[in-house]
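Thanks for coming. I'll take one model today, starting with the charged side chains and then moving to the sheet and the helices packed on it.

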Amino acid sequence: KVSQGRIENLVSSLREEASRAGSSEDDESVSLPGLKVSSKGGVDFVSIGKIWTRSLGLAALTGGDDDEDVRAVAGMMKSLRKLLVVSYEDCEVSLKEKFDRKISSALDGCELLAQMKDDDDSVSIYGNTSRDGKSIDDIVMYCPQSSALICFFGTLDADRLGDLIDKAAKD
């Protein structure tokens, strides 16, 4: 089962390890209530809390765009507690490989919702489906070739999400 606490602990561990291994001269960080952006040791990290995800969703809805996909994504953004993005593409190869092993291990046994492949890239999407299948909690997208982990913590409508994934796979 995907667990927000487990994933946040994993990400914290990866960030600490990269920070120890990297040079501190390239460190950058910005923190606001509910928003954190940092770059340390080759790991880029963005954490967006509930107030910001709701604000982004509302902004998209009131932006005057009549696009159905924009409305669907905006509606989902409002239901998120947190959005977490980690990119470790700029790490040393040995550290990338270590991170890949740790992430794969953490996701082992989690429910695989979808897997998409495009040329040399693949994305595995994990989450927790409700018993009735109508909603999905805490989605994790893992892109090992791109050295990225994207996490959506909250409850999302399974049909809406499925439609967006299908459309993305076709594009």
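Let me begin with a network of salt bridges that links Glu-17, Lys-98 and Lys-102. A salt bridge here is a side-chain nitrogen of Lys or Arg within 4 Å of a carboxyl oxygen of Asp or Glu. Before going on, the basis: this is a predicted model, in which local features need pLDDT of at least 70 and side-chain atom pairs count only at pLDDT 80 or more, while totals for chains, interfaces and linings use all residues. Residues are numbered from 1 along each chain as its sequence is written, and side-chain values use heavy atoms, with hydrogens and water left out.

Lys-98 forms a salt bridge with Glu-17, with the closest N and O atoms 2.6 Å apart. Lys-98 lies in helix α4 (residues 93–107) and Glu-17 in helix α1, so this pair ties together parts that are 81 residues apart in sequence. Helices and strands throughout are DSSP runs numbered from the N terminus: H or I of at least four residues for helices, E of at least two for strands. Glu-17 is buried at 10% relative accessibility, and Lys-98 is partly exposed at 33%. For those words, buried means under 20% relative accessible area, exposed over 50%, and partly exposed in between, with a 1.4 Å probe and protein chains only.

How many salt bridges does the structure hold? There are 4. One of them joins Glu-8 to Lys-82, where the closest N and O atoms are 2.7 Å apart. Glu-8 sits in helix α1 (residues 4–21) and Lys-82 in strand β4 (residues 80–87), so the pair ties together parts that are 74 residues apart in sequence. Both ends are partly exposed: Glu-8 has a relative accessible area of 25%, and Lys-82 has 22%.

Another salt bridge is between the side chains of Asp-138 and Arg-81, at 2.9 Å from N to O. Asp-138 is in strand β7 and Arg-81 in strand β4, so that pair ties together parts 57 residues apart in sequence. Asp-138 counts as buried at 10% relative accessibility, whereas Arg-81 counts as partly exposed at 37%.

Asp-138 also has a backbone point to note. Its phi is near 50°, a positive value in a residue other than glycine, and its place is in strand β7 (residues 135–143). Asp-119 likewise has a positive phi, of about 55°, although it is not a glycine. Asp-119, however, is in the loop between β5 (112–118) and β6 (121–129), and counts as exposed at 76% relative accessibility.

Now the sheet. In which order do the strands form the open sheet? The 8 strands run β1-β2-β3-β4-β8-β7-β6-β5, with antiparallel pairing. The edge strands are β1 (28–32) and β5, each of which pairs on one side only. Two strands count as paired if DSSP finds at least two bridges between them. From one strand to the next, the twist averages 10°; axes are lines fitted to C-alpha atoms, for helices over the stretch in contact, and angles run from 0 to 180 degrees between N-to-C directions.

The hairpin of β1 and β2 has 2 residues between the strands, and in it Gly-34 takes a positive phi near 80°. Next along, β2 and β3 are joined by 6 bridges and run antiparallel. Leu-35 has Ile-48 as its bridge partner in β3. This is again a hairpin with 2 residues between the strands, and Gly-41 in the turn has a positive phi of about 55°.

Helix α4 lies across β3, β6, β7 and β8, running at about 155° to β7.

Last, the cysteines. A search of the whole structure finds 0 disulfides, a disulfide being a pair of cysteine sulfur atoms within 2.5 Å. Cys-91 is buried, with a relative accessible area of 8%, and Cys-143 is buried too, at 9%.

How values were computed: Contact = heavy atoms within 4.5 Å.
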